[in-house]
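Hi,

Here is the structure I promised to pass on.

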Amino acid sequence: MKSRVWSLILLAAATAAGVASASGPMAYDARFWFDHSPGPTTAEIVAGDLGILDLDQDPKLLIVAYRHLTELGVGPASQPKLLAAFEVPFETPWSESGQQRWIAERRRLPGASERTWIVTDRAFERTEGTYTWKEYRPNCLASAFETAAQTLAERIASHGLESPAVQEWVAGQDQVFALCEEGETPPPELDETWPEWLRRDREYQIAAAHFYAFHHEEARRRFAAIGRDTSSPWSGLARYLVARTAMRAGDREGAKLAIAEVLADASLTELHPAARRLETLVAIRSQPALRRQELETLLLAPSFVDADPRELGQALTDFEWLATGRVDGAGLPVGDLDTWLTVMIGSSPVNEVPAELAPAPPAAPLAIGFYRKKRTLPWLVAALVTAQGGEAELPELLAAAAAVPDDSPAAVTVGFHRARLLLTRATPEADGDARELLDGLLRRPGLAPAVGNRLKFLRAGLAPTLDEFLRFSLVTPVEMGFDDGGSQLWPEEPAVPPPLVLTDEAIAHLNRSVPTRELARLAGVSELLPAEWRQRIGLAAWVGAILEKDAAVAAGLVPVLRPVVPPALAADLEAWLGAASGERDFLAHWTILRWPGLSPRIADDVGRRTPLDEMDSLRENGWCEKGGLYGPTELVPVRFLSAAVQQAAASDEPWPDLKATALEIGPRVITYAEAHGDDPRVPEALHRLVRFTRVGCAWGDEVGVVSKRAFDLLHRRYPRSEWAAKTPYWFKG
C-alpha cells in the first residue's frame, strides 16, 4: 500500500549553443502499513497484540502469534527474553563492524597503506551448458576482522607501533584478507630470525589463508597441527576451526567429532556458544527434516521462551529457514505449527501434504480443510486469511468468526477478514454488517496506526457518500521516505505531528471519478479536510476549470482558496478574477507559470514537496499528458459510485487530452506575447515558459518547438532584459 511522486534526476548539460536536455526517474513514498508485518511493534506482538495477521508476514512473528492463538501464550515474565531474541542484531551496523575496527586499528601504523573496504565474498565460476557466470559466496565473516583487530591492538601494546615484526604481522594479515575475494597464495613462512610470537601467529595466518582460499584439506591439516600445540596462543581456536573447515568441505561426520571435542573441553568454554551454533548447522544440513521436527517441539515447549535470547533467536531463525524451504532436503511440514506456518507464508505444498492432514473436501482451500478437521483458532485464522469469498464453506467460516470473543488475541484479525469477506457479497445487508463490524474495531483502544489504516481502508470502500469516503481515506502514514525501487524505503525523520494523507486509492478516484465542480465543493468543506488538502484539491479544481473554460467554477474557488494558499498566490488569483476579459486568459496562464506547483491533477499522497512557487528541479512541475491520468487503470471498488461510473473512470474514455503545461499553455502565452509586446509581464512569462520546457514533466519534439519559439521571441524582442539574461538556453524537451 504505497504511492509515489515521480521526479527526475537533474541533467542540464548544454549539447549545443543555446540547447540543453533533461531526464531520469526517482520516487518518494508514503506507506500506510508495513510489508510482512501485522502492524503492532514486535514488543506489542510478543505481549499478545497481534494486529491483523495475513499471508506472507514475518515467519518469526507468525510463530509468536501461533503461541498466542493457542493456550501456550507468552507469559509476562517471559516476554522480555522473547523480545530480546528479536532485538539481537542480524547484522552489525557498518560503522561498528569488525571490518571497520580492523581498518581503524591498522591505520595506526606509520606509513600504512590506505584501506576503506575489504570485499568479503569470493567468486566462483559456474557453467550450465554454454553459459558461464560468477557466483559469489560469503567467505570472511565479521568475527575474523574482530579477531584481527584485537590481536593487532595486543601486538602493538606489547611490541610498539614501529616494530618491524608488527609491520610484518600486518603484511601477512593483509595477504590473508586479500584471499577473501580471490587468489590462491598464503603469506610466506617465517624463519627463525623473526620472534617466536610472530612465527606462531604466522602459522595461524597461513592456515586461515588456506581456509579462505578453499584449500580445505590443507587448512584442516594446519589447524589440527596448531590445535595439538598447546603452547600456541591459537590452539583452542584452531580446534574449533577444524570443525568449521570440515563443515565447509562437506565432511559432516568430521565436523561432529571436532565439535564434540571442543564442547567436552572445559578450558574452551568461550568457544562453546559458537560450537553449539555450528552443531546446530551440522544437524540442519545432515538431517533437516528431523531438525525441523525438533525445533517445533522446542518452540512449543511451555518454558522455551525463557531460554537465552541468542539461542531462542537462533531457533526461530533456523525454523524459519527450514519451514520456508531455504534448506535443501527440509522435507514436508510435520507438525501443526510447521504446517500452519507454511500455509500462512504461502509456501505450502498443497498437493504433497501428509495423508492424515489432507484437506477435505479436496477442492476446498488447504487452510479451510485443516480448520474443518481441527476446529482450532490458528486454523480458523488461516482459513479466513486465505478465503477469497467464493468458497462454499464461507457461511460456516463467517459464523465461526462471529463467535470469536472480543478479548481474543485473534479478535482484530478475525474481524478484519470477516469484513473483507462480507464485502465480496456486495449486498446491502452484508455491507451493513461489515460497516458495523469495522466501526466497532476502529473504536478499540490502542490500535496500532498501521492496523487502524488497514481497517479504514476497508471502511472507506463501504462509504455511501464521497464525503464519508474521504473521511476514512484520510490517514496518518507509518513511514515516509525514498523508495529504492524494491521493498526497501529509506525513511526520513518523522514529522511532528505526522501529516494526514489521503490514500493513493482515494486520490485516484478524485482524479478520475469526481467532476471538477465537485472538487471545488470539497475545497470549501473545512470540517471535512484539513487546510493542506483543501488547498491541493481546490487548486487542482481551479486549474481544471481553467482548462475546461468553466469560468464560473474557477471564479467561485478564489474566495475558497484565499485563506489556504500563500498570500502572493491569493493576490494572483484575485488579479485574475478582477481582470478584464481580454487579458483574463493570459493572467490564468501567467499564474500557472509563476506557480509551477499548480496542476489539474491531485498528486499522489505525499504530494509535491517543493514550495508551489519554486520550480522543482526534479520535474514535479505542472502536469503531464492528460493530467497524469492517461491509460486505463485498476481502481479499488467503492460503494459511493455506480458501477458504470467506476468502469468509465478506469478506462481512457472520460478524459480530454490535457497535454502537458508547455504544450497546453505555451502556445497561448506565445500568441499573447506576440500581440502584446508592451505588456511588462511578457518577458518573465517567456522565461518561465522556457524553464517549464526544461523541468516540466513532458518532453519530446513538440516541447522543443515551444521552447525554441519562446526563447527566440524573448531574445529578439527583449535582448537586454533581466529575463533574457536568465535564459541562456532553450531545450529540446
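Below are my notes on the disulfide, a hairpin and some helix packing.

First, the ground rules. This is a predicted model, in which local features need pLDDT of at least 70 and side-chain atom pairs count only at pLDDT 80 or more, while totals for chains, interfaces and linings use all residues. Residues are numbered from 1 along each chain as its sequence is written, and side-chain values use heavy atoms, with hydrogens and water left out.

Let's start with the cysteines. Taking a disulfide as a pair of cysteine sulfur atoms within 2.5 Å, the count comes to one disulfide. Cys140 is joined to Cys180, with 1.8 Å from S to S. The S-S torsion of this pair is about -100°, so the disulfide is left-handed. The two cysteines are 40 residues apart and link distant parts of the chain: Cys140 sits in the loop between strand 6 and helix 5 (142-159), and Cys180 in the loop between helix 6 (164-178) and helix 7 (196-212).

Strand 5 (residues 121-128) and strand 6 (residues 131-138) run antiparallel and are joined by eight bridges; strands pair if DSSP finds at least two bridges between them. Thr127 has Thr132 in strand 6 as its bridge partner. Two residues lie between the strands of the hairpin, and Gly129 takes a positive phi near 65°.

Now the helices. Axes are lines fitted to C-alpha atoms, for helices over the stretch in contact, and angles between N-to-C directions run from 0 to 180 degrees.

What does Pro309 touch, leaving out residues up to four places away in sequence? Its contacts are Lys81, Ala84 and Ala85, where contact means heavy atoms within 4.5 Å. Pro309 is placed in helix 13 (residues 309-323). The C-alpha atoms of Pro309 and Leu82 are 6.5 Å apart, although 227 residues separate the two along the chain. Lys81, Leu82, Ala84, Ala85 and Phe86 of helix 3 meet Pro309, Leu312, Gly313 and Leu316 of helix 13. By class, this contact has seven nonpolar, one polar and one charged residues. (Ala, Val, Leu, Ile, Met, Phe, Trp, Tyr, Cys and Pro count as nonpolar, Asp, Glu, Lys and Arg as charged, and the others, Gly among them, as polar.)

Further along, helix 15 (residues 366-374) packs on helix 17 (residues 394-402) at about 60°, with the axes 12 Å apart. That makes helix 15 oblique to helix 17. (Under 35 degrees counts as roughly parallel, over 145 as roughly antiparallel, 65 to 115 as roughly perpendicular, and the rest as oblique.) Ile368, Tyr371 and Arg372 of helix 15 make the contact with Glu396, Leu397 and Ala400 of helix 17. By class there are four nonpolar, no polar and two charged residues.

Finally, the axes of helix 27 (residues 581-594) and helix 30 (residues 666-675) come within 10 Å and cross at roughly 125°. These two helices are therefore oblique to each other. Glu583, Phe586, His589 and Leu593 of helix 27 contact Arg668, Val669 and Tyr672 of helix 30.

Cheers

How values were computed. Helices (H or I, at least four residues) and strands (E, at least two) are DSSP runs, numbered from the N terminus.
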